[in-house]
Amino acid sequence: MSTRIAFLKGHGTENDFVIVPDPENTVDLPPAAVAALCDRRAGIGGDGLLHVVRSAAHPEAKEMAAEAEWFMDYRNGDGSIAEMCGNGVRVFARYLQRAGYVDEGDISVATRGGVKRAHIAKEGDITVGMGKALLPEGDVTVSVGDRSWPARNVNMGNPHAVAFVDDLDHAGNLLAPPPFSPASAYPDGVNVEFVVDRGPQHVALRVHERGAGETRSCGTGACAVAVAAARQDGTDPAVTGAPATYTVDVPGGRLVITERPDGEIEMTGPAVIVAEGEIDAQWLETVNP
């Protein structure tokens with residue numbers, strides 16, 4: 001391993017990431033190293049890490065290389081591997097543009113959740129195809145203190161419980177997972193979104209992400225909220241035959257979510273690179289057990 005490793009720092013609506021460019025997949029990033037890099041006091045700090053690798057150079061992405069040159073080897077902040085991150089794809093695309101690998105327009109990004117399509121607009125925002133939502137049947141309830149609300153069960157490849165409330169303060173501090181029932185609805189835990197109306201097809205949310213607490217933004221959560229809002233408002237695209245577009249305010253900014261009549265969902269929002277530098281490889285080796 002070289003003595004210095006290049007990195008960048010970026011965020012999408014304040015969902016922030018350490019970016020490690022590694023086209024030929026030569027940098028070893030075990031879970032302990034990723035967790036150390038994402039540590040906000042002893043490392044660089046981030047909700048996750050974007051390992052930028054050519055698909056042909058990574059064993060998990062080789063089969064996608066003909067469709068997408070670049071693989072987003074995404075890691076959670078605790079070092080665990082994840083299939084996808086919607087905000088992460090936007091920041092990943094922004095890095096590729098900054099590095100001169102891609103231009104404005106359409107690009108494809110390989111992920112563990114399959115190939116994702118993105119569009120880098122001339123005015124700066126990036127749109128990502130997020131796939132389709134699943135709506136499992138059955139009633140779900142979430143609660144905070146002595147308040148309880150019915151919630152819409154939405155799966156965006158990960159589980160969400162979407163509760164419409166009168167005031168976002170009713171969500172409490174969101175440090176601990178809000179209780180839900182029945183337990184069988186989410187055997188592996190759930191992301192819980194608390195949502196208020198802001199106007200026609202305009203909502204705002206706060207979210208508890210499982211394993212992380214409250215976060216500044218959640219791309220799949222914003223998509224789940226837009227899907228739930230469309231059903232509540234009677235604008236379900238599968239019924240009306242017209243796309244439904246919702247503005248979703250998150251604590252870290254604003255996302256625009258469009259669901260099409262065929263069920264495909266697109267998320268549009270900003271992606272910013274804020275810094276770049278070098279990691280001391282000797283330090284990184286010391287944090288690996």
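Author: Contact means heavy atoms within 4.5 Å. Among contacts in the chain with a separation of 6 or more, 61% join residues 24 or more positions apart. The model is predicted, so local features need pLDDT of at least 70 and side-chain atom pairs 80 or more, while totals for chains, interfaces and linings use all residues. Numbering runs from 1 along each chain as its sequence is written, and side-chain values use heavy atoms, without hydrogens or water.

Buried residues (under 20% relative accessible area, with exposed over 50%, partly exposed in between, 1.4 Å probe, protein chains only) make up 51% of the 289 in the chain. A nonpolar core joins buried Ala, Val, Leu, Ile, Met, Phe, Trp, Tyr and Cys through side-chain atoms within 4.5 Å. The largest core has 51 residues. I19, L50, F92, L96, I107, V248 and I257 touch the most other members. Helix α3 (residues 219-233) gives the most to this core, with 9 residues. Helices (H or I, at least four residues) and strands (E, at least two) are DSSP runs, numbered from the N terminus.

Now take F92. Beyond its neighbours within four places in sequence, F92 is in contact with L50, H51, V52, W70, F71, M72 and V109. Another core lies apart from the largest one. That core has 16 residues, among them A163, V165, F194 and A204.

Last, helix α1 (residues 31-38). Its buried residues are A33, V34, A36, L37 and C38. Their cover includes β2 (15-21), β3 (48-54), β4 (70-76), β18 (272-280) and α5 (281-286).
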